[in-house]
Amino acid sequence: MRRALRVLLPLVLLLAGLLAAAPLKAQPGATPSLAAELSTRRIEVTTAFTGGEILVFGATDRLIGGDGDEIVVLVTGPPTSLVVRQKIDVLGFWINGPSARFNGIPSYWALAATQPVELMFGPTERTDLRLGLDLLQLPQIGSTGPQFRRALRELKQRQGLWVDQTRPIDVSGGRLFHARLPVPSTVATGVYRVQIMLAREGRVVARQELSLQVERVGTAASIAYVARDLPVLYALSAILLAAFAGWLGSVLFRRG
Amino acid sequence: MQVYLPIAEMSVDALLLLGIGFGVGWLSGLFGVGGGFLLTPLLILIGIPAPVAVGSGANQTLGASVSGLMAQWRRGNVDVRMGVVLLIGGFVGSAAGVQLFAWLRRAGQVDLAVAIFYVVVLGTVGALMVRESLGAILRRRKARPARLHEHLWIHGLPLKMRFRKSRLYISVIPPLAIGFAIGVLSAVMGVGGGFMLVPAMIYLLGMPTSVVIGTSLFQVVFVTANVTFLQAVQVGSVDIVLTLLLLAGGVIGAQFGAQMGTKLRGEETRALLGALVLSVAGALLWDLLRVPAQLFVIGPAP
């Protein structure tokens, strides 16, 4: 009940605002049939950060489900470059063998929908919209072979950084929806793009795009900042702090 | 209690890190080694990326050794002159080692190189230590008078120098070379190198056991400081939050260990340390030989 209130209250405010703004934002030929918002525009990574979630909520003007509208939420994190290495057996030792490099792939990627997207769209539409981990563009450099791409998908999913429809979007009252996308503590900082799509009869009829900032704050932010931008100062402080902690320990816990 | 490590970019249980720190610190005090050779593999085992484990391991070894060094210093067990000679070699060696590490990282073979270094170095040192100390224990039983130290070919080299506290008059070349080798290993393995330095000082230089631990800690403190500096500046892999958590447990453990160490005889200490070193080498070797659970690994692009 409390959770429902927490979700609904901003929603009501949002809808009120939206109604007021509607004439200005109106799309040609139709009134906006989709309105969505994020519970927060900022995920703060502090030294106590253990992961979080991206909560997307919104409403449609027609009923969701049945033969009506469906909602798809796609979140993409800042791009990154990764190397996938295959372990090979050399004289009984397992060492890193051939590797493939993937440039410009999303560090975080999450898809959620009210129905499995495979049922919602035909193969062509789904490919065009890149809805599905299997359709994600993964330009591969270095060793060839599909096994690297497969391993990349599997390992990223295991890390919880690529989430492919593990939970459907919840719908309440036929028109209100909310999606919770888990964010592990290993998440990269940067700008996250959240796309909310309204699908009808296998096509996207309305879409909204929001963004979210994941950033380090507090001590974690200062440490990462000093380590990156002032490495000499950071190195010297690390040495002095460690030595001081060692000295302090020998004074405090001196025995005998 | 989870804590977020800003450089490793992940969250880890703080109590687990404190516990690891305590255990390693206890051994550090007991054997007069920094304990880095246990710490780095343990950190990798709990999922810390290898470069961060190596960089922070060196930094933690520095702090842990400071408290050990102070305990030894109070007892007058540090040969400063020998320490400085070792250190000169150590600085050059650790600078070279960090270059090697950065190159291995670019080549994508850090994990393998670190594992192989561990297996080879720990296996050799552990086996030698166990063999020698068991021999010494048996000799003691037979009560045969032992010489102060063996005279080897290395004692015939030029540039001789007197090390009063160690009761030695030897060439500076062997300590310089030993210091250099330990420096390289320190940078690549994230260790202080005490577990190698101690036997090298006893068997190669012929130093008396009483000053070996204090002098090795002296060298370890400054070499790990150098490694910390170079790793932080060049690789950017020193996580101060990780280091401090490990140290918080470590400094307490080290005091217990040092107290216990005074009650053990030299040979027994060496035999125990040798067995410990061998078992770590064995575990890492097994890890290299067994079929990995994951045939693929992902890592950041260099």
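## A loop residue to start with

Let's begin with Glu201(A), which sits in the loop between β12 (190-200) and β13 (203-216) of chain A. The strands here are DSSP runs of E with at least two residues, helices are runs of H or I with at least four, and both are numbered from the N terminus. Glu201(A) isn't a glycine, yet its phi is positive, about 50°. Is Glu201(A) buried or exposed? It counts as exposed, because it has 11 C-beta neighbours inside 10 Å. The cut-offs go like this: 20 or more other C-beta atoms within 10 Å of a residue's own make it buried, 12 or fewer make it exposed, and anything in between is partly exposed, with C-beta atoms placed from the backbone.

Leu91(A) is exposed, because 5 other C-beta atoms lie within 10 Å.

## What kind of model this is

This is a predicted model, where local features need pLDDT of at least 70, side-chain atom pairs count only at pLDDT 80 or more, and totals for chains, interfaces and linings use all residues. Residues are numbered from 1 along each chain as its sequence is written, while chains are lettered from A and ligands numbered from 1 in the order in which they are written.

For the complex, the predictor gives an ipTM of 0.81 and a pTM of 0.74.

## A sheet in chain A

Six strands of chain A form an open sheet with mixed pairing, in the order β2-β13-β12-β4-β7-β9. Two strands pair if DSSP finds at least two bridges between them. At the edges are β2 (42-45) and β9 (162-164) of chain A, each pairing on one side only. On average, neighbouring strands of this sheet are turned by 20° against each other, direction ignored. Such angles run from 0 to 180 degrees between N-to-C directions, and axes are lines fitted to C-alpha atoms, for helices over the stretch in contact.

Zoom in on β7 (residues 109-113) of chain A, which pairs with β9(A) in the parallel sense over three bridges. Here Leu111(A) stands opposite Asp164(A) in β9(A).

## A sheet with strands from both chains

Another open sheet has four strands and antiparallel pairing, and its order is β8(A)-β6(A)-β5(A)-β5(B). Which strands stand at the edges? They are β8 (140-142) of chain A and β5 (296-300) of chain B; each has a single partner strand, so one side of each is left without a neighbour in the sheet. Neighbouring strands are turned by 30° against each other on average, direction ignored.

Inside this sheet, β5 (residues 79-90) and β6 (residues 93-106) of chain A run antiparallel and are joined by 10 bridges. Lys87(A), for instance, has Asn96(A) in β6(A) as its bridge partner.

## Chain B as a whole

Chain B has 10 helices and five strands. Its radius of gyration is 19 Å, close to the 19 Å that the globule rule gives for 302 residues, so chain B is as compact as a globular protein of that length. That radius is taken over C-alpha atoms, and the rule is 2.2 Å times the number of residues to the power 0.38. Of the 302 residues of chain B, 58% count as buried.

Met161(B) stands opposite Ile170(B) in β4(B). There are four residues between the strands of this hairpin, where Arg167(B) takes a positive phi near 55°.

In chain B, the axes of helix α1 (residues 14-31) and helix α9 (residues 240-261) come within 5 Å and cross at roughly 35°. The residues of this contact divide into 21 nonpolar, 12 polar and no charged. Nonpolar covers Ala, Val, Leu, Ile, Met, Phe, Trp, Tyr, Cys and Pro; charged covers Asp, Glu, Lys and Arg; the others, Gly among them, are polar.

Tyr118(B) lies in helix α5 (residues 110-142) of chain B, and is buried, with 27 other C-beta atoms within 10 Å. Tyr118(B) and Pro41(B) are 77 residues apart in sequence and 8.7 Å apart in space, C-alpha to C-alpha. Ser186(B), in helix α6 (residues 173-189) of chain B, is also buried, with 32 other C-beta atoms within 10 Å.
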